[in-house]
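I opened this one to look at how its two chains meet. My notes follow, in the order I looked things up.

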2 protein chains.
Amino acid sequence: MTSNNQALEINALKQIQVPSGKKVKLSDYPTDDFQLDGHRLDKEKTQEAHTALEEQLADWQEKLYAEGKQSLLIVLQARDAGGKDSTVGRVMDAFDPNGVNVVNFKQPTEPELAHDFLWRVHQQTPRRGMIAVFNRSHYEDVLVTRVHGLIDAQKTEQNLQHIVNFEQLLADSGTKIVKIYLHLSPAEQKERLLDRLNDPSKHWKFNPGDLKDRELWHEYTAAYEDAMTSSRDHAPWHVVPADHKWLRDHLISLILLRAFEEMNPSFPKAAFKASHYEIPEV
Amino acid sequence: MTSNNQALEINALKQIQVPSGKKVKLSDYPTDDFQLDGHRLDKEKTQEAHTALEEQLADWQEKLYAEGKQSLLIVLQARDAGGKDSTVGRVMDAFDPNGVNVVNFKQPTEPELAHDFLWRVHQQTPRRGMIAVFNRSHYEDVLVTRVHGLIDAQKTEQNLQHIVNFEQLLADSGTKIVKIYLHLSPAEQKERLLDRLNDPSKHWKFNPGDLKDRELWHEYTAAYEDAMTSSRDHAPWHVVPADHKWLRDHLISLILLRAFEEMNPSFPKAAFKASHYEIPEV
């Protein structure tokens, strides 16, 4: 059961949800704050409530799986060092991994490039009863390709329309879509990149290309703002403050809790009478 | 670092590891016990040590991923209610889900049946740096098909030889294979099946076919014993006592710890000088 406090927090999610079809300004959204009744969300209380929240999510997932009629697609996007990988880890902590696929979209391969940009994505959508987490997604095709000049404005617009249509197909077929942008400040990104440079055990995470992308900060901002016009009630974008991991994780858990409430899956009625069966002796 | 006590426990794993190429008798292996220096493993101490063990596994996984040269394949097999799903959940708790694929092999589809039985399996083997967990596996093709008379003894023998060759290919290509049979007593299976029948929230897990398979208990035993002749040093079978979840989880964690030690992955040396880079201002 959702607690009263959770209901209040869920209601407050509207401050980070992008209105359907509207153009947003990312600078209007905080990277390190979430307001509840005029107060900042409290770190200690939030962390205390985390275990209960995880158990609720686990219960919902079991019902989603048992029911086998709907599915949940979580789309994660962020700048470099935005926390996508660690978010996947935390989100997954709540779930039974048998019911989740994490999909890491990397550079498309030759056969993938030989098809339309949604071809490889469509193959990874969650089957009924399942959750899919897209770590990067079809949105890269209106973000990185656009910022690096591989596609022009017209093609970007066209791709975005195809994305909207594609997500409508999924939604009409029983897939709930939740889109999350991890909203990081330039200062926090700098800290994290420096950390990768200065800690030898993190060197393998450092990619000099990330510095080039940082130089294109404002171009990415513009591309994200355009991409988020794909927000719909059945597939909303959320601008999640991502400078603090505890806040990020809590808000994402709340977003998922709300998504499950809206789907409202339930255990199927048994098609048998338990008393009809006897366990054979061995 | 592996502790002294862990080293002792790892050494004791030989009592549940199937010798290379040998025919085993499952009744020689306990379903509820593991001996260390002549004593049963203690539940409380084992659970206390669990967090540290999970952290070690997480550290090893990060190195495996960062190194990107080797991969780990965990094959899970068990009778119905043997605990495969919950094992996957517990094993995964230690790992970053971005580095693991859980593959649930179900009834083969028409296109899968139109190929050899290893075709769909080969597609799911772990890429370098990754872990794959097979929840059921290619072994079903020498187990369920054999017990239900879909293939004869000769075909079973042939399939088993193909499996040995296939696993050799993977091992020669940098994949460490760990095969785990969750060894359940008939009494414990009965408890678990009754639980599914009597608890309405577990009805969806109950499959009347499981009772038919229970009647074939001894036929499955014979099939498993033959399948385990595929044990090799690079792809050993383990008969893990599975009546108690704490014992099962601990032994599997130890088996994985040993596998990582044998692979011994390490962070790659940086191909750059950190001091060459400056973080651009935004």
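I began with a charged pair: B:E281 makes a salt bridge with A:K190, and their closest N and O atoms are 2.5 Å apart. I took a salt bridge as a Lys or Arg side-chain nitrogen within 4 Å of a carboxyl oxygen of Asp or Glu. Between chain A and chain B I count two salt bridges.

A note on the ground rules: this is a predicted model, where local features need pLDDT of at least 70 and side-chain atom pairs count only at pLDDT 80 or more, while totals for chains, interfaces and linings use all residues. Residues are numbered from 1 along each chain as its sequence is written, chains are lettered from A in the order in which they are written, and side-chain values use heavy atoms, leaving out hydrogens and water.

Next I checked the extent of the contact (heavy atoms within 4.5 Å). Chain A gives 42 residues to it and chain B gives 42 residues. The two chains bury about 3,800 Å² between them, with 69% of that on carbon and sulfur atoms; buried area here is the accessible area (1.4 Å probe) lost on putting the two parts together, summed over both.

Last, I looked up the record: an unreviewed UniProt entry annotates residues 41-265 of chain A as "domain: Polyphosphate kinase-2-related". UniProt positions are in the numbering used here, feature names are shortened, and annotations may be inferred rather than shown by experiment.
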